[in-house]
Amino acid sequence: MDSVQSPDWPAAPPGALAANSAAARYGGAAPTPPPIGRATAPPPPPHAATAPPPYRPPAATPAGPGTHRATPPIPVKILVAGGFGVGKTTTVGSISEIAPLTTEAEMTTAGIGVDDPGQRSGKTTTTVAMDFGCVTIDRSLKLYLFGTPGQTRFGFMWDDLARGALGALVVVDSARLDDCYPAVDFFERAGLPFVVGVNAFDGRLAHDLSAIRWALAIGEHVPLVQFDARDRLSVRDALLVVLDRALDRATREKRA
């Protein structure tokens with residue numbers, strides 16, 4: 001870009017000061033422009049005798065006798081197991097305080113004759129890995145719920161899902177009791193405390209609880225409860241029975 005000379009300021013002869021420079025207007029030498037960048041360290045402040053001390057984080061204040069530190073709740077792993085289409089995914093989703101993790105896949109014609117959800121079910125998807133949810137019981141206890149897949153071909157996953165669990169809720173459809181036999185046998189062999197929860201489809205049972213206990217051939221030491229997988233409070237009550245069963249087992253083992 002070409003320079004533009006204002007007509008009010010005559011051009012300075014070679015070697016002379018420009019007429020519109022600071023030296024020509026105010027006298028004295030032109031100020032030296034400041035260097036670009038931080039070439040040298042800045043001078044110390046005029047009133048600072050010594051350099052300031054290095055920063056040190058403040059020491060933690062010791063807790064007094066009336067101070068209570070918040071401790072995280074104890075994690076407890078609970079399995080929700082049972083046959084295919086008995087309401088395990090619904091059970092986890094009804095009570096979970098987070099959006100439950102589900103691994104649902106659309107049922108295809110390849111599953112006809114293999115996966116039978118029952119005549120009363122409108123189920124169109126199936127769990128192919130597991131369901132996961134959690135719920136905080138109180139400040140000291142938090143449940144982590146793992147729902148198992150119901151099909152026999154996914155039975156190899158049950159051992160991994162049961163590792164570290166303190167108890168299990170075996171969900172049963174009273175109209176298809178034979179579908180829950182593998183789950184009952186699994187937890188009896190594993191020695192894991194479990195509760196049989198009979199899901200009330202349409203708000204009713206096909207058989208009463210005493211007949212279901214006889215058909216499942218479970219002892220009186222195994223709690224048998226009726227609940228509704230769609231109702232949060234009903235699921236809560238069933239899980240509290242599982243906790244009570246696991247606590248009773250741990251107490252007896254401690255005394256032994």
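What span should the 24 residues of helix H6 have, and how far apart are its end C-alpha atoms?

## Helix H6

This is a predicted model. Helix H6 covers residues 232–255. At 1.5 Å a residue, its 24 residues should span 34 Å, and the end C-alpha atoms are 35 Å apart, which agrees.

Several residues of H6 are buried: Ser 234, Val 235, Ala 238, Leu 239, Val 242, Leu 243, Arg 245 and Ala 246. An α-helix has 3.6 residues a turn, so residues three or four places apart point the same way.

## The sheet

Six strands form an open sheet in the order S4-S5-S1-S6-S7-S8, and their pairing is mixed. Strand S4 (131–138) and strand S8 (224–227) stand at the edges. Each of these two has a single partner strand, so one side of each is left without a neighbour in the sheet. On average, neighbouring strands of this sheet are turned by 25 degrees against each other, direction ignored.

Strand S1 (residues 74–82) pairs with strand S6 (residues 167–173) in the parallel sense, over five bridges. Helix H4 (residues 181–190) lies across S1, S6 and strand S7 (194–199), and H4 runs at about 160 degrees to S6.

## Aromatic rings

The structure holds six aromatic pairs. In one of them, the ring centres of Trp 158 and Phe 186 are 5.4 Å apart. Their planes stand at 85 degrees; an angle over 60 counts as edge-to-face, so this pair is edge-to-face. Trp 158 lies in helix H3 (residues 158–162) and Phe 186 in helix H4, so the pair ties together parts that are 28 residues apart in sequence.

Trp 158 also pairs with Phe 187, with ring centres 6.2 Å apart and planes at 35 degrees, so that pair is tilted. This pair, too, links distant parts of the chain, with Trp 158 in helix H3 and Phe 187 in helix H4, 29 residues apart. Ring pairs link Trp 158, Phe 186, Phe 187 and Phe 194 into a cluster.

## Buried or exposed?

Trp 158 has 9%, so Trp 158 is buried. Phe 187 has 1% relative accessibility, so Phe 187 counts as buried. Phe 186 is buried as well.

How values were computed
Residues are numbered from 1 along each chain as its sequence is written. This is a predicted model: local features need pLDDT of at least 70, side-chain atom pairs count only at pLDDT 80 or more; totals for chains, interfaces and linings use all residues. Side-chain values use heavy atoms; hydrogens and water are left out. Helices (H or I, at least four residues) and strands (E, at least two) are DSSP runs, numbered from the N terminus. The expected span of a helix is 1.5 Å times one less than its number of residues. Buried means under 20% relative accessible area, exposed over 50%, partly exposed in between (1.4 Å probe, protein chains only). Two strands pair if DSSP finds at least two bridges between them. Axes are lines fitted to C-alpha atoms, for helices over the stretch in contact, and angles run from 0 to 180 degrees between N-to-C directions. Contact means heavy atoms within 4.5 Å. Rings of Phe, Tyr and Trp (its six-membered ring) pair if their centres lie within 6.5 Å; planes under 30 degrees apart count as stacked, over 60 as edge-to-face and the rest as tilted.
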